[in-house]
Amino acid sequence: MDFGSLITAMVTPFDATGALDEGRLRRLVDHLIDTGTTAVVVCGTTGESPTLSHAEKLRLFDATLRAVDGRIPVIAGTGTNSTKDSIELTLEAARLGVQAVMLVTPYYNRPSQEGLYMHFARIAESTTLPVMLYNVPGRTGVNLQPQTALQLAAIPNIVALKEASGDFSQILRIAAEKPDDFLLYSGDDKFTLPMLAIGAAGVVSVAGHVVGRQIRTMMDLFWQGQVDEAAYWSARLLPIFEAMFMEASPAPVKEALSIVGIDVGSVRAPLVPASKALREHLYTLLNALGVIEPSA
């Protein structure tokens, strides 16, 4: 499975009542593909998965598959903090036709490393789909340690890791010892370039919603050996990368999408929309990058 270099962790579009809006979803998918996204993650944290019901997740997987229409891979976020529920959702997503699944480290219950290995191994063994692991201790309260990640990488259909720990000692060890065919992705936009330098395959991005072309340019320049130019783009994009998390995600990126002319609706409670001050800041940043449509 080739996920490409720019995987976008897609927001979930809602209508004015807070229900899934398939029309907005189709427009968002077209926008992402047109601006460089090579695969989408559906029902990840950026997709507000904690507020989606089981039925809504299945509907979202199905609607995204229809909107994508085979153009890029669809990666379903099927990981929860229940091994049994994660297996069931993975099997249902597979029946709908997704190309891969992403499994976040179990949140809140904070399992041991043995428990993490068991959790991921059991889910992977329940399916033939490629599996991407997702380590984000700042959100889940548990860290997938390098030795555990490397042990999981030996399972044939566990093929990738989205690493968002921010711990470069940990990331370097994984990069140095992982199998060649096990893909490492940055889970934080601002760390994309330094992770490319140690062999990462790309990024699972939030900012890719609005600066996908620029992120692709940065990565392509790096791989072409134009490191100084890539570093220039990394520095230029850093303010928008950081702005995506100035308030609780995904409120900032949904606001940014609105600014560039892609209306995906608001966020679900307990999240609240981006503040006026953040909207003004986002407008300034996006305008400087030249990505605002004239009518936006």
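Colleague: Why is Y134 called buried?

Modeller: Buried means under 20% relative accessible area, exposed over 50%, and partly exposed in between (1.4 Å probe, protein chains only). Y134 has a relative accessible area of 7%, so it counts as buried. A word on the source: this is a predicted model, in which local features need pLDDT of at least 70 and side-chain atom pairs count only at pLDDT 80 or more, while totals for chains, interfaces and linings use all residues. Residues are numbered from 1 along each chain as its sequence is written, and side-chain values use heavy atoms, with hydrogens and water left out.

Colleague: Thanks! Which residues does UniProt list for "active site"?

Modeller: The unreviewed UniProt entry lists Y134 and K162; such annotations may be inferred rather than shown by experiment. The two are spread over 29 residues of sequence, yet they cluster in space, with a largest C-alpha distance of 4.7 Å. Y134 is placed in strand β5, and K162 in strand β6.

Colleague: What makes K162 buried?

Modeller: Its relative accessible area is 5%, so K162 falls on the buried side of the cut-off. Contact means heavy atoms within 4.5 Å. Setting aside residues up to four places away in sequence, K162 touches M102, M132, L133, Y134, N135, Y185, S186, G187 and V204. With its own neighbours within four places left aside, Y134 has contacts that include T45, M102, L161 and K162.

Colleague: Why is β6 described as largely enclosed?

Modeller: Six of the six residues of β6 are buried, so the rest of the structure largely encloses this strand.

Colleague: How many bridges join β6 to β7, and how many does β6 share with β5?

Modeller: Two strands pair if DSSP finds at least two bridges between them. Strand β6 (residues 158-163) is joined to β7 (residues 183-186) by four bridges, running parallel, and β5 and β6 pair in the parallel sense over five bridges. Both pairs therefore qualify under that definition. As for individual partners, V131 has I158 of β6 as its bridge partner, L161 has L184 of β7, and E163 stands opposite S186.

Colleague: What do the eight strands form, and in what order?

Modeller: They close into a barrel in the order β1-β2-β3-β4-β5-β6-β7-β8, with parallel pairing. On average, neighbouring strands are turned by 25 degrees against each other, direction ignored.

Colleague: How do you know that the buried residues of α7 line one face of the helix?

Modeller: The buried residues of helix α7 (residues 168-177) are Q170, I171, I174 and A175. Seen down the helix axis, they fall within an arc of 130 degrees, so they line one face; the arc is that of the directions from the axis to the C-beta atoms. S169 and A176 are exposed on the other side of α7. Covering the buried residues are, among others, β5, β6 and β7.

Note on methods: Helices (H or I, at least four residues) and strands (E, at least two) are DSSP runs, numbered from the N terminus. Axes are lines fitted to C-alpha atoms, for helices over the stretch in contact, and angles run from 0 to 180 degrees between N-to-C directions.
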